[in-house]
There are 2 protein chains.
Amino acid sequence: MSTPLFDQHRDTLEAALSAIQTRGYWTPYPEQPSPKVYGETASEDGKRAVEACFGQAFELDQPGCTGWLAPERFPYGVELGIRYPVCAPQLLIDAAVAAQPQWQRLGAAGRVGVCLEILARINRRSFEIAHAVMLTSGQGWMMAFQAGGPHAQDRGLEAVAYAWDEMRRIPAEAEWEKPQGKNPPLRMRKHYEIVGRGVALVIGCSTFPTWNTYPGLFAALATGNPVIVKPHENAILPAALSVRIAREVLAEQGLDPNLVSLAVVQDAADTRTLATHPAVKSIDFTGSSAFGQWLAENAVQAQLYAELAGVNHVLIDSTDRYKGMLRNLAFTLCLYSGQMCTTTQAIFVPAGGIDTDQGHKGYDEICTDLAAAIDALLADPAVATAVLGAIQSPATLHRIEEAGRHGEVVLASRRIEHPEFPQAEVRTPVLLRCEAADEDAYMEERFGPIAFIVRVADSAEAIALSERIVRTRGALTAGIYSTRPAVIDAMTEASWRAGVALSINLTSGVYVNQSGAFSDFHGVGMNPAANAAYADAAFVANRFRVVQRRYHIE
Amino acid sequence: MSTPLFDQHRDTLEAALSAIQTRGYWTPYPEQPSPKVYGETASEDGKRAVEACFGQAFELDQPGCTGWLAPERFPYGVELGIRYPVCAPQLLIDAAVAAQPQWQRLGAAGRVGVCLEILARINRRSFEIAHAVMLTSGQGWMMAFQAGGPHAQDRGLEAVAYAWDEMRRIPAEAEWEKPQGKNPPLRMRKHYEIVGRGVALVIGCSTFPTWNTYPGLFAALATGNPVIVKPHENAILPAALSVRIAREVLAEQGLDPNLVSLAVVQDAADTRTLATHPAVKSIDFTGSSAFGQWLAENAVQAQLYAELAGVNHVLIDSTDRYKGMLRNLAFTLCLYSGQMCTTTQAIFVPAGGIDTDQGHKGYDEICTDLAAAIDALLADPAVATAVLGAIQSPATLHRIEEAGRHGEVVLASRRIEHPEFPQAEVRTPVLLRCEAADEDAYMEERFGPIAFIVRVADSAEAIALSERIVRTRGALTAGIYSTRPAVIDAMTEASWRAGVALSINLTSGVYVNQSGAFSDFHGVGMNPAANAAYADAAFVANRFRVVQRRYHIE
């Protein structure tokens, strides 16, 4: 079978396959929004393309359209007013089911080629998608470009590479010859068909509408499944643009565009109808633990890949780069106003203080110094608004307002005026202090720019606490600062037992809340915060089955 | 780290890795019970070793032993009277949890080496295990040796090969260097630790106490998990011998033998306690759909790999080897008295009859001829008892007795006297005829030697019926006899849509109910009869996670 798109993108695929094995830094999608890479007019073109959608109906030509909905919020105060088609869930599923056999028969290489072409097109439109991500999620521009564009594309490509890596090991056919002593051998020919398990539902979140959507979308698609993307109602445009690109590529290839569709729903009941539909065989979900648990208990017909709430934390035991540590932590807490599922919420500091290159630092001093580091980082309003972005949801604004109830305020949150977007809800982090015993305060996820400096007896207590938090509350990230190998070893072993990714002594340009495709196994998939990682073999292998047939040959 | 067992068995592993990719015939475990291979005295030694267990306590030196139980049935009338230790579920789990960290630190190669050594030891004791399988399951001797010995070992090795194939692609560490334009690059070292997800529970069945136990046991073990084997109460000895061998190898290697333990339970509540225990992270289960469903709904903390009931079936559309077809089907129905999860239960025959190399054959004639083929196969009592084995459970005997209520009897079941075991419950198959509309009759699994020749309008109706049965009732096997490519193609496409392994025109020495390791994906894992296959990447990839740590380097 001819697979021109596969051949066209083969070098990228081969490099990605190499990257997921060697796990060094690699990407085919430049993260700098450079005119040299993306074109001199790319930035302006992208912005205009998004603005052209404002107030319009977003046409997708999907089946069963029953009306239009414009539910998006606008954290920067820029009213999008884009109306999306609402389609009957059953008709979206019918169309998806109908599209699957053709997609299956295209074969693994054919499917992977189409996926790589979709990703390449998405990459070329990174500015457009970045603007959509920024205006819906509230991310700062650079983050919207990088995390919403190239980094999200990396995660999509990573999923395709894993899918191919598994599928390529299934031979199309085999000859089987079993000796029968003195008699002629038994001989058979066997054919092995890779078959997607069925309709995939990908439920996105409001803060990372592409980064958390592409892995499931491309993993499911490459392994032979039709995909229904159900974006968060507050951040539809980035998903809608991505789905439209996918549908365009499919149509160009003579394939049924309904293989990928967008589900904008009138109410939550429609999401539940989709999730529990017998034809839906996998669900990728990023969002609340409550709905994740509901899916686990009710959508038992589907394999669930869930990224939920957690309590990320860092232990400060000692450091030989005190200022670097403070700067690193300050940036972590400020980046996108802590609206990342990987942002640190609890920082454990021994009551007796810590040894540093700047001498011994007491608990109180560390609180003060971290607050000062945050203030220093945000001193320049231009830097502050770029780093902080805007607050995505009223619920987060509310949490910031009432945060002081949960601890003693070390640093209060301030509203910052955004020079370009006067209505943007920009907030600085609130930093609280509390005791290890105040578990109700820091052991519940308080999504947003809210962090606790928790006073612990010593590092041993903090490590035990870390293990318990990971096991019972979940965490996507954990960090430690220590100059003592035995302490790092103890924390490492706790991270193995509980199952959390550990960052050690980050004092320069990498942050605990960052996770790089092809190198970092995001989320691990072993604790309540996530039952799957981006990405590994387990993320793709269960999305398809091998259906064989066999017959005798002479 | 030194891995002598891995090095010792490396050739076997490499060959297995090649076999799961090329999927031709291969095995390192000879299936012929030959003295040249297994030793001149192996047969007698094996029998004596099993007999030496009769009436004794089976010591395993496990923690928390609260008593002894001897619940096994004896389908051949040979009373075993072996008492097995009953251990408190919580103490078995505590011991398993305690054994895991050491097993993890041994690393993938170390674990795989130990697994391969256990399999090699089990192979050397194939006669002993075969006798145990025969006396507990009721299988005929040759089948007990082959399916209970080498073929089961093949499936265990296959799981180890898949586990290694996934784990070997995770590097122990990586260097990550991200360019920063004119600034020095960001550099990190990252370490990747493979961590088993937690205690694995492997729940065996009474008919294939090793073949259906080894895949889960070895998949879980190789990927870093402690395993508790909970055999069926009617077929404990084969599992107990296997567990003892595993514990011996572990102890010899200085590892905690409680990594593999045997759970013989006082009542079903203990099984439910084990299955729903928070520390249990995977369950491999072969058995009833009712308990499988219970596990799916209640053991939500665990990944479930289940092989359940189904309605296997064959469509006869036409054939150019009529006699070969009848002989093949007759053997399929007789082998181990149909007590295989892969045995055909429904045979669809067009009302208008079929074209064959012996001329056109009407539906009635086919019924008569298949009955005659069964009679011919079983004419020699020595052959009959060897092929049929004995009926394992009273429930199956009861189903045989009442089978006539579900259709018109074409061939009645007979009791056959076993020359060596006068008390053995040997039964010939009962063959019934019915109409396609009699769905209550043939669309419910009637485990044992009970088959229906179902009159259908035509092959198109039969293919539609096949697809519906696979989707709604499940099936591990489907077959078709046809000389018409278009009919085979239609059946093939139905098999893809519904997800069932298809055997085409089997007229010689391979039977639809046989499934060969390294080549056949047993069970597919896409329909209600099984949610996983033996074996593929999906069978192993979800049993471990990668926990990483990272830090800057200069």
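Six bridges join β18(A) to strand β19 of chain A, residues 450–456, and the two run parallel. Val430 of chain A stands opposite Ile450 of chain A in β19(A). Keep in mind that this is a predicted model.

Stay with β18(A) for a moment. This strand covers residues 430–435. Another neighbour is strand β15 of chain A, residues 408–411. Here the two strands run antiparallel, and three bridges join them. One pair to click on: the bridge partner of A:Leu411 in β18(A) is A:Leu431.

Now chain B, and watch the strand numbers. In chain B, residues 430–435 are strand β17 and residues 450–456 are strand β18. Six bridges join these two, again in the parallel sense. B:Cys434 has B:Val454 as its bridge partner in β18(B).

Next, the domains. Chain A is divided into two. Domain 1 takes 9–308 plus 533–552, and domain 2 takes 313–504. The centres of the two domains, taken over C-alpha atoms, are 33 Å apart. In their contact, domain 1 of chain A supplies 17 residues and domain 2 of chain A supplies 18 residues. Which helix gives the largest share of the domain 1 side? That is α8 of chain A, residues 141–148, with three residues. By class, this side of domain 1 of chain A has seven nonpolar, eight polar and two charged residues.

On to a sheet within chain A. Five strands form an open sheet, in the order β7-β6-β5-β8-β9, and the pairing is parallel. The edge strands are β7, at 260–262, and β9, at 303–307; each pairs on one side only. Neighbouring strands are turned by 15° against each other on average, direction ignored. Inside the sheet, four bridges join β5(A), residues 199–203, to β6(A), residues 227–230. A:Ile203 has A:Lys230 as its bridge partner in β6(A). α13(A) lies across β8 and β9 of chain A, and runs at about 170° to β9(A).

Now the two chains together. How are the copies related? Two copies of a chain are related by a rotation about an axis and a shift along it. For this pair, a rotation of 180° with 0.0 Å of shift along its axis superposes chain A on chain B, with an RMSD of 0.0 Å. That is the relation of a two-fold axis.

What about the interface? It takes 56 residues from chain A and 56 residues from chain B. On the chain A side, the elements giving two or more residues include α2 (10–22), β4 (183–196), α20 (485–498) and β22 (544–552). β22(A) gives the largest share, eight residues. By class, the chain A side divides into 25 nonpolar, 16 polar and 15 charged residues. And 100% of the interface residues of chain A are also interface residues in chain B, so the copies meet through the same surface.

Back to β22(A), where the chains pair strand to strand. β22(A) and strand β20 of chain B, residues 502–504, pair in the parallel sense over three bridges. For a specific pair, take A:Tyr551: the bridge partner in β20(B) is B:Ile504.

Ten strands form an open sheet, and the pairing is mixed. From one end, chain A gives β3, β4 and β22. Chain B then continues with β20, β19, β10, β12, β18, β17 and β14. β3 of chain A and β14 of chain B, at 408–411, stand at the edges, each with a single partner strand, so one side of each is left without a neighbour in the sheet. On average, neighbouring strands here are turned by 25° against each other, direction ignored.

Last item: a helix pair in chain B. Helix α14, residues 322–334, packs with helix α15, residues 363–377, at an angle of about 65°. Their axes are 9 Å apart. Is the crossing of α14(B) and α15(B) left-handed or right-handed? The crossing is right-handed. Among the contact residues are B:Leu326, B:Leu329 and B:Phe331 of α14(B), and B:Leu370, B:Ala373 and B:Ile374 of α15(B). By class, the contact of α14(B) with α15(B) has ten nonpolar, no polar and two charged residues.

Notes: Residues are numbered from 1 along each chain as its sequence is written. Chains are lettered from A and ligands numbered from 1 in the order in which they are written. This is a predicted model: local features need pLDDT of at least 70, side-chain atom pairs count only at pLDDT 80 or more; totals for chains, interfaces and linings use all residues. Domain bounds come from an automatic or database domain assignment. Two residues are in contact if their C-beta atoms, placed from the backbone, lie within 7 Å. Ala, Val, Leu, Ile, Met, Phe, Trp, Tyr, Cys and Pro count as nonpolar, Asp, Glu, Lys and Arg as charged, and the others, Gly among them, as polar. Copies are superposed by least squares on the C-alpha atoms of residues with pLDDT of at least 70 in both. Two strands pair if DSSP finds at least two bridges between them. Axes are lines fitted to C-alpha atoms, for helices over the stretch in contact, and angles run from 0 to 180 degrees between N-to-C directions. A crossing is left-handed if the near helix is turned anticlockwise from the far one by less than a right angle, and right-handed if clockwise.
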